[in-house]
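Subject: Structure handover

Hello,

Here is the structure I said I would pass on. My notes on it follow below.

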Amino acid sequence: MPDKKDNLYNAIYDVVRSVPEGRVTTYGAVAAAIGAKSGARVVGYAMNLCHGIVPAVPAHRVVNRNGMLTGKHHFSPPELMQQLLEREGVVVHDDKIVGFEQLLWEPLKEL
DNA sequence: TACCTGACGGGCC
DNA sequence: GGGCCCGCCAGGT
C-alpha cells in the first residue's frame with residue numbers, strides 16, 4: 001500500500017458512507033475502525049476535505065464523543081446538519097443528539 | 001515560503 | 001475529579 005495516506009482518507013469516507021440512515025457515529029469510532037488510533041483528529045481533517053467528494057459523504061452523521069454537532073459550522077448553512085439529521089428521524093436538541101448512545105453506530109461493533 | 005489554526009480524543013499530572 | 005498537553009494532516013493567510 002504505497003498510498004497509505006490516500007487510502008486512509010478513502011477508508012474514512014467509506015466508513016462514514018456505511019453509516020445507516022437515522023444512525024450516527026463518532027470521530028473516534030471511525031478512527032478506530034480504520035486503525036488510526038493516533039487521530040480522531042485525522043477523521044476531522046478528512047471531513048474538512050469532504051467538500052466536493054463524490055459520492056457525497058454524510059458528514060452530518062459524524063459527531064464528537066459527546067454527541068454534539070461540533071462540525072455543523074462547516075455546513076452551509078450550519079443548520080443544514082441538524083436539518084438532515086432530523087429529516088432522517090434523529091432528534092437534535094441544543095446541537096446535541098437526543099438518545100445519542102442509542103443511535104450510535106460503531107463500525108467496529110456493527111461491521 | 002513559513003507559520004498557524006482547525007470537525008477530536010485519550011493519557012497524564 | 002478536573003485541567004493541561006500531546007499527536008496528526010492539510011489548507012489558508
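How far apart are Arg17 and Asp14 in helix H1, counted in residues and in helical turns? The two residues are 3 apart in helix H1 (residues 4-17), a separation of about one helical turn. Please keep in mind that this is a predicted model.

Salt bridges

There are 3 salt bridges in the structure. In general, side chains of opposite charge can pair when their charged atoms come close.

Arg17 and Asp14 form one of them, with 3.7 Å between the closest N and O atoms. Both ends are partly exposed: Arg17 has a relative accessible area of 29%, and Asp14 has one of 42%.

Glu88 and Arg61 form another, at 2.9 Å from N to O. Glu88 counts as buried, at 18% relative accessibility. Arg61 is buried as well, with a relative accessible area of 10%.

Lys72 and Asp95 also form a salt bridge, and their closest N and O atoms are 3.1 Å apart. Here too distant parts of the chain are linked, since Lys72 is in the loop between E2 and H4, while Asp95 is in the loop between E3 and strand E4 (96-97), 23 residues apart. Asp95 counts as partly exposed, at 25% relative accessibility.

Helices H2 and H3

Two packed helices are described by the angle between their axes and the distance between the axes. For helix H2 (residues 27-34) and H3, the angle is about 105° and the axes are 8 Å apart. The two helices are therefore roughly perpendicular to each other, as an angle of 65 to 115 degrees counts as such.

On the H2 side, the residues that meet H3 are Tyr27, Gly28, Val30 and Ala31. Their counterparts in H3 are Ala40, Val43, Gly44 and Met47. By class, this contact of H2 with H3 has 6 nonpolar and 2 polar residues, and no charged ones. The buried residues of H2 are Tyr27, Ala29, Val30 and Ala31; Tyr27, Val30 and Ala31 are also among the residues that meet H3.

The end of H2

At 55% relative accessibility, Gly35 counts as exposed. Gly35 and Val19 are 16 residues apart in sequence, and their C-alpha atoms are 17 Å apart in space.

Asn64

The side chain of Asn64 reaches the backbone nitrogen of Met68 at 2.7 Å. Leaving aside neighbours within four places in sequence, Asn64 is in contact with Thr26, Tyr27, Thr70 and Phe100. One of these, Tyr27, is also a buried residue of H2.

Regards

Terms used:
Residues numbered from 1 in each chain as written. Chains lettered and ligands numbered in written order. Predicted model: local features only at pLDDT ≥ 70, side-chain atom pairs only at ≥ 80, totals over all residues. Heavy atoms only, no water. Salt bridge = Lys/Arg side-chain N within 4 Å of Asp/Glu carboxyl O. Helix = DSSP H or I, 4+ residues; strand = E, 2+ residues; numbered from the N terminus. Buried < 20%, exposed > 50% of the residue type's maximum accessible area, 1.4 Å probe, protein only. Axes fitted to C-alpha atoms, helices over the stretch in contact; angles between N-to-C directions. Parallel < 35°, antiparallel > 145°, perpendicular 65-115°, else oblique. Contact = heavy atoms within 4.5 Å. Nonpolar A, V, L, I, M, F, W, Y, C, P; charged D, E, K, R; others polar. Polar contact = N/O pair within 3.5 Å; in protein donor to acceptor, adjacent residues only side chain to side chain.
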